[in-house]
Amino acid sequence: MSATNASADAVSATSTDGTGACPDTGEDSVALGIRRGTDNEDTLELRLPDELVALFEEGRSGADTATVDAAARHGDVHGHGQQSWSDGTASPAARTPGGDDLLDGVADWGPVATPAGAFQLVPVRVERDLALVCRWMNDPAVTAFWELAGPQNVTEDHLRPQLAGDGRSSPCLGVLEGTPMSYWEIYRADLDPLARHYPVRPHDTGIHLLIGAVTDRGRGLGSTLLRAVADLVLDRRPACARVIAEPDLRNIPSVTAFLSAGFRFSAEVDLPTKRAALMVRDRSLRDLL
C-alpha cells in the first residue's frame, strides 16, 4: 500500500515473472500501504470458553440479520453474475471461537456512509474472490510493494493462513456502492511481528490497503476510504486507541493519502523488507485531524 489525490499513481515497478499469472494483469491499479510481514510466529493465543461463545453468538444473531439487510440495500449481485459481494457472510474461520473476536467481528461491522457512497468491508472468500485479488496483485504498480505477483496459488498462499488463523488478521474486499474495488487487511498490530519495531500499545489495529482500478484513481478516493475505515475501527473496537499503518517510504502517494486521512507521521522504522513510515490515527485526535 497528493494531499488531495489519495489515488495517485504509486511508484511503478516491473512485475515479477508472470508465467501462469491471472488474466487481465494489465489493468491499472495503485497500491496504498504494503503487505503485512510473512513472519508466522505466534505471539499470543486466546480462546474463549465454549459457553461464553454460545452466549455471544446468541446475542449477536440479531445484528447479523441487520447487517445482511443493510448490505442488501447496496446491491445484491455483482456485475459479472456472481453472488452478492455484500451478503454479510464470513468464512467459517471468522466465526469460530477465538477467531474474529480478536478484531471484534469485522464481518459484522456493516456498511457505512462515505462521501463516495456506501462502503463495506466484506471478508474475503477464496472461492469467490481469488481471481480478482490475484489480478490486482499482478498489476505492475502493485507488485513493488506487495510482492505477490504470480499465479493464483501465490495469492491463495497469502490469503489462506489469515483465513485459517486465530483472527488476528482479516483480509477483506472493499465494496463501494455494491462493487468490489479494493483489498484491505485489518490486523492486530500489537500481535503482529510489527510490534517488535515500534512502541506498541494493547489493541493497536493496523490497516493495509490496495485500490484496484484506474477508474478509482485521481479523485481522492484513497484518503476518503482510509479515513472511513480508520473511524470504523475506532467505532467498532472500543479498546483500540490507535489505528496504525506502515507504508513503504518510497510510496509517496500512499504516505500522502494517510496524512490526508487524518493519520500523523510518527517515525521511520526499519522492517525486515522495507523502511517504512509509521502512520498513526489517534482516537483522541480524530476530531482534530
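Start by selecting S223, L226 and R227 in α5, which meet A257, F258 and S260 in α6; contact here means heavy atoms within 4.5 Å. The residues of this contact divide into three nonpolar, two polar and one charged, where Ala, Val, Leu, Ile, Met, Phe, Trp, Tyr, Cys and Pro count as nonpolar, Asp, Glu, Lys and Arg as charged, and the others, Gly among them, as polar.

Before going on, a word about what is on your screen. This is a predicted model, in which local features need pLDDT of at least 70 and side-chain atom pairs count only at pLDDT 80 or more, while totals for chains, interfaces and linings use all residues. Residues are numbered from 1 along each chain as its sequence is written, and side-chain values use heavy atoms, with hydrogens and water left out.

Now show both helices whole: α5 spans 221-236 and α6 covers residues 252-260. Helices (H or I, at least four residues) and strands (E, at least two) are DSSP runs, numbered from the N terminus. The axes of α5 and α6 come within 8 Å and cross at roughly 50°; axes are lines fitted to C-alpha atoms, for helices over the stretch in contact, and angles run from 0 to 180 degrees between N-to-C directions. The two helices are therefore oblique to each other (under 35 degrees is roughly parallel, over 145 roughly antiparallel, 65 to 115 roughly perpendicular, and the rest oblique).

Next, select D216, in the loop between β6 (205-211) and α5. Is D216 buried or exposed? D216 counts as buried because its relative accessibility is 10%; buried means under 20% relative accessible area, exposed over 50%, and partly exposed in between (1.4 Å probe, protein chains only). Its side chain makes a polar contact with the side chain of R219 at 2.9 Å. A polar contact is a pair of N or O atoms within 3.5 Å; within protein, one must be able to donate a hydrogen and the other to accept it, and residues adjacent in sequence count only if both atoms are side-chain atoms.

Then step to D192, in the loop between β5 (179-188) and β6. D192 is buried too, at 7% relative accessibility, and its side chain reaches the backbone nitrogen of L194 at 2.9 Å.

Finish at D104, in the loop between α1 (50-72) and β2 (112-114). At 37% relative accessibility, D104 is partly exposed. Which side chain does the side chain of D104 meet in a polar contact? That of R237, at 2.7 Å.
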